[in-house]
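User: I am new to this structure and would like a friendly tour. Could you take me through it step by step?

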Amino acid sequence: MAAKGFLQVAPGRRVALNGVEWTIEDVHGQFGRLVLTDDDGRTETRSFRWLINHPDLRLLPTVEASGHPSPVSRQPRTLADLTKDQLERARLRAAHVLEAETGFREGHPARALPGEPRPAYDPDRTTLTQRRRSKAAELEAMPRPEAVRLGLQHLSYRTLMRLSGLAGDSLLLACADGRWTRRRSGHRSITGEIREAIFAVKAECGPRARLSQAAKHRLMHQYVRERFPTFPTEKIPSRWTLAAVWKEWFGSDGSRRRYDRTAQAAAEAGVSGRMVVHRPGQVLVLDSTPMPVKLRETVFGDAVTATLTLALDLYTHGLPAFRLTLQSDTSVDVAMLLRDVMLPLPMRDGWGEDMEWPYAGVPADVIAEFTGHKVAALPFFAPETVTTDHGGPYKNHDLVEAEREIGCRILPARVLRQTDKFAVERQFLTVQTMLFEHLLGFTGGDVADRGADPERDASLTLAQAEHIIATWIVQIWQNRKLGEYAPSWAPGEDHSPNTLFAAAMEQGGFDLDFPEASFYYKVLRKHHVKIHPRRGVKILGLWYHHPVLEEPRFQQPSARGGKHARQWVVRSDRRDRRQVFFQDDADHDTWHTLRWRGLPPEGEIPAFSDKTADALLAHVKANNIRIHSESELLEHLLEILGSVTPVDQWPSQAKQKAGKKRRVAQAREITRAQAAAADRPTAPAPADEPTPAEMPAAWAEHARAIDRAVDVDRRRRREEALADTRPVAPATLHEALNRRPMFRLPPPDGPQAETTVREEDT
């Protein structure tokens, strides 16, 4: 069977005739002949017509013949290769051809333009030959500049005949100038010697430091001079030609050398390719960065820097959860972030119905019945693989424990492979350009771009910023059209993170798998201790107690065996060291809160974390103090807290005396304690007691502290007044007026005045 399509006849082309392989040795186009050579050295001269009409002709892969380069093939050109102006000019040429063929510029009477057909092109009155000659005469009479601009100066009668058999896109391509889509012939100055020199310089630049294009050009000169002494120096391409060729062959040289070497080593080790994510939750990427907006802490009102931690789903590019922490995040915060990914986001004040759960397949009433509240339009799911960087909070045991409880895998990003976390890094920039730049207190992306005083411009508190970010994610980002992150299985369609999640729900269903309330306790730090009969348990140098520990079942060692035999498990939250948590061995769903024994029975003390507790114990150890009671330990803690935040700097008595660093430190302690309290599951209120009005935990504690301070101050003043003598009530106005006559003048001073007064009395 003869070969179909175009046969490219050029030296070096290999063909198979009747099962025998031949190579086209030479081509004589002026005679219509070619020279064929087989592997045995036989040579035959055949015509083009004989070769094309051969019944058993097969085309073989092209190889390079000696002295002749292999022919360069290309893909067929299309209308997409033309610019807008070139396509319009081709349409005008095709319109003239169609008018000569049919009498109408659109090619059909049903699409006739006003005034068509013209008398010289009326198909009912003229023949095809007459119309073609009329069109050739019309184009010849057209002004020369206009004809050149439209490319009609060469549209003769014979050209109209050749184009008569084409239509549609084929006619447009035939009317397009071939020079517009001319095949690139490459650079004539790049000979075999120069090509070898360029690849040698490329291999040499790999392990070296980054070189300029001029240095590469000099190295190419050196290679050609030493390896090809007879090569003419004037034929070596210029530096600009080398730069163009380098970019065409190897791409831009904008990457860092360190990353290039790492990528090359990974490729040599067989680590290549990219994983295709095809469902929500398959890969969840976590990362933290300082928030580029100065915020104000609720208590002290100072400008502080918060840390923003994002969780990004790589399939939908949605943001199922985030966290704002003062200064830096901890491993407990990251573990709680994973729990937030699995929990539905409750509706907040000011959110309308358009921000409520909208996904098909799972009605909003069903979700609300499971959670006990209305749910916002933010996806939630159980992550399968979590990708993080190599920061300290992401390698802590708390996150490993959360991984075990959730059932996911923590897969750290590869060192110096920025592509592993490119999506979340790009997301930080997106949030900055779409939200943070419009907020007061924005610090900019660089120190050089910072405003005059962003601390003074800061007006948002930490809670307000958290609410703004949550509203922006639910209302804007989750419904924003995806650009380059649109799915490959839906080309040309518009999708957002929410629509992708809804499509995934329809394809694979949805799993309502909420974490248990005890998840918070299970991801906390473990301590294996023994219970003291009177003092309770000792955790990191501090004693904690609860009345339940006085029961007889806890007065004996634990029944646990193995490495921690006869010891009880107590868990602590590094963000708030005022209490630890103990799981009841009889009822595993019950967790007891053990309070620090140093707390006064009538109230609370300010929150403190691991850092403050370590400073307390270091202070005690440095001064060689022997602790005999919890009250002495409380005194030293109050000394440390007083050095950080004295009474003059309390929220109710704040003054501008202490430095900003100390106020921010206490703000961090209080914020961490509030975050820990918010993560803990709340205990249900007793049925026989009325439920009080809801008040934030921090505000309620602050109000109680103020009431206690006022009561103590009043009691102190009363005790000081009663210390010396009992106060005497002052005389009333009536008694003061009755002691002497109201109109009697006072006696004069001196002895004479006294005698005069006695005589008057007599």
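**Helix α8 and its surroundings**

Analyst: Let us start with a helix. Helix α8 (residues 213–227) has 15 residues, and from its first C-alpha to its last it reaches 21 Å, close to the 21 Å expected at 1.5 Å a residue; the expected span is 1.5 Å times one less than the number of residues. Helices (H or I, at least four residues) and strands (E, at least two) are DSSP runs, numbered from the N terminus. This is a predicted model, where local features need pLDDT of at least 70, side-chain atom pairs count only at pLDDT 80 or more, and totals for chains, interfaces and linings use all residues. Residues are numbered from 1 along each chain as its sequence is written, and side-chain values use heavy atoms, leaving out hydrogens and water.

User: What covers the buried residues of α8?

Analyst: Buried means under 20% relative accessible area, exposed over 50%, and partly exposed in between (1.4 Å probe, protein chains only). The buried residues of α8 include Leu 219, Met 220 and Tyr 223. Their cover includes α7 (192–205) and α9 (239–250).

User: Which residue in β2 is the bridge partner of Val 15?

Analyst: Strands β1 (residues 14–17) and β2 (residues 20–28) pair in the antiparallel sense over 4 bridges; two strands pair if DSSP finds at least two bridges between them. In β2, the partner of Val 15 is Trp 22.

User: Which element has the lowest mean pLDDT?

Analyst: pLDDT is the predictor's confidence in each residue, from 0 to 100. The chain's mean is 76, and strand β9 (residues 306–313) has the highest mean among the elements, 90. The lowest, 48, belongs to helix α24 (residues 751–761).

Terms used
Contact means heavy atoms within 4.5 Å.
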